[in-house]
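Here is a short briefing to read alongside the sequence and the model. Please keep both in view as you go through the points.

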Amino acid sequence: MPLYEFRCPRCGVFEAMHRMSEVPGSRTCRNCSETAVRVFSPIGLSALASDRAKAIGDAERSAHEPEIVTRVPNHPGGSQPRTTQDPRHLNLPRP
Ligand SMILES: [Zn+2]
């Protein structure tokens with residue numbers, strides 16, 4: 001069974017084992033009986049391969065705290081001018 005993290009408002013984060021199909025959104029803290037809310041973390045997915053766990057963790061994180069993108073990402077070929085060698089494009093209007 002994988003470990004899941006829960007955050008208690010008094011005691012902080014603790015881990016608890018749950019079946020993947022039965023993991024609750026919150027549970028009672030074992031120390032103080034406060035309601036602890038589940039923390040989404042790739043650590044809880046340790047049963048999976050690390051790359052896959054990272055991908056799932058990133059996906060979960062991006063659902064509620066998406067990364068802010070301020071510029072177009074660099075990718076190979078991105079610096080090439082947007083021209084075409086197709087002769088059918090010669091008669092198209094130019095900007
Ligand atoms: Zn507690």
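This is a predicted model: local features need pLDDT of at least 70, side-chain atom pairs count only at pLDDT 80 or more; totals for chains, interfaces and linings use all residues.

Residues are numbered from 1 along each chain as its sequence is written, and side-chain values use heavy atoms, with hydrogens and water left out.

**Overall layout**

- The chain has 1 helix and 4 strands, where helices (H or I, at least four residues) and strands (E, at least two) are DSSP runs numbered from the N terminus.
- Along the sequence these elements come in the order β-β-β-β-α.
- Of the 95 residues, 18% count as buried; buried means under 20% relative accessible area, exposed means over 50%, and partly exposed lies in between (1.4 Å probe, protein chains only).
- The accessible surface of the chain is about 8000 Å², and 53% of it belongs to carbon and sulfur atoms; areas come from the Shrake-Rupley method with a 1.4 Å probe, and for residues only the protein chains shown count as cover.
- Among contacts (heavy atoms within 4.5 Å) between residues at least 6 apart in sequence, 29% join residues at least 24 apart.

**The nonpolar core**

- In soluble globular proteins, nonpolar side chains tend to be buried together.
- Here the largest nonpolar core has 7 residues: Tyr4, Phe6, Cys8, Phe14, Ala16, Cys29 and Ala36.
- Strand E1 (3-8) and strand E2 (12-17) are the elements that give two or more residues to this core, and E1 supplies the largest share, with 3 residues.
- By definition, such a core is a set of buried Ala, Val, Leu, Ile, Met, Phe, Trp, Tyr and Cys residues joined through side-chain atoms within 4.5 Å.
- The structure holds 1 aromatic pair: phenylalanine 6 and phenylalanine 14 are stacked, at 6.0 Å centre to centre and with 25 degrees between the planes.
- Rings of Phe, Tyr and Trp (its six-membered ring) pair if their centres lie within 6.5 Å, and planes under 30 degrees apart count as stacked, over 60 as edge-to-face and the rest as tilted.
- Both phenylalanine 6 and phenylalanine 14 are buried.
- Cysteine 8, another member of the core, is in contact with Phe14, Cys29, Cys32, Glu34 and Ala36, leaving aside its neighbours within four places in sequence.

**Salt bridges**

- The whole structure has 3 salt bridges, each a side-chain nitrogen of Lys or Arg within 4 Å of a carboxyl oxygen of Asp or Glu.
- One of them joins glutamate 34 and arginine 10 through their side chains (3.1 Å, N to O).
- This pair links distant parts of the chain, 24 residues apart: glutamate 34 is in the loop between strand E3 (26-28) and strand E4 (35-39), and arginine 10 is in the loop between E1 and E2.
- Glutamate 34 is partly exposed, at 27% relative accessible area, whereas arginine 10 is exposed at 61%.
- Arginine 19 and glutamate 22 also meet in a salt bridge (3.9 Å, N to O); arginine 19 is partly exposed at 48% and glutamate 22 is exposed at 51%.
- Aspartate 86 pairs with arginine 88 (2.8 Å, N to O); the aspartate 86 side of this bridge is partly exposed at 21%, and arginine 88 is exposed at 68%.

**Histidine 18 and proline 2**

- Histidine 18 sits in the loop between E2 and E3, and it counts as buried because its relative accessible area is 15%.
- Leaving aside neighbours within four places in sequence, histidine 18 is in contact with Met1, Pro2, Tyr4, Phe6, Val23, Pro24 and Arg27.
- Its side chain makes a polar contact with the side chain of arginine 27 (3.3 Å).
- A polar contact is a pair of N or O atoms within 3.5 Å; within protein, one must be able to donate a hydrogen and the other to accept it, and residues adjacent in sequence count only if both atoms are side-chain atoms.
- Proline 2 belongs to the segment before E1 and is buried, with a relative accessible area of 9%.
- The C-alpha atoms of proline 2 and histidine 18 are separated by 6.3 Å, although these residues are 16 apart along the chain.

**A backbone detail**

- Serine 33, in the loop between E3 and E4, has a phi near 65 degrees, a positive value in a residue other than glycine.
- Serine 33 is exposed, with a relative accessible area of 56%.
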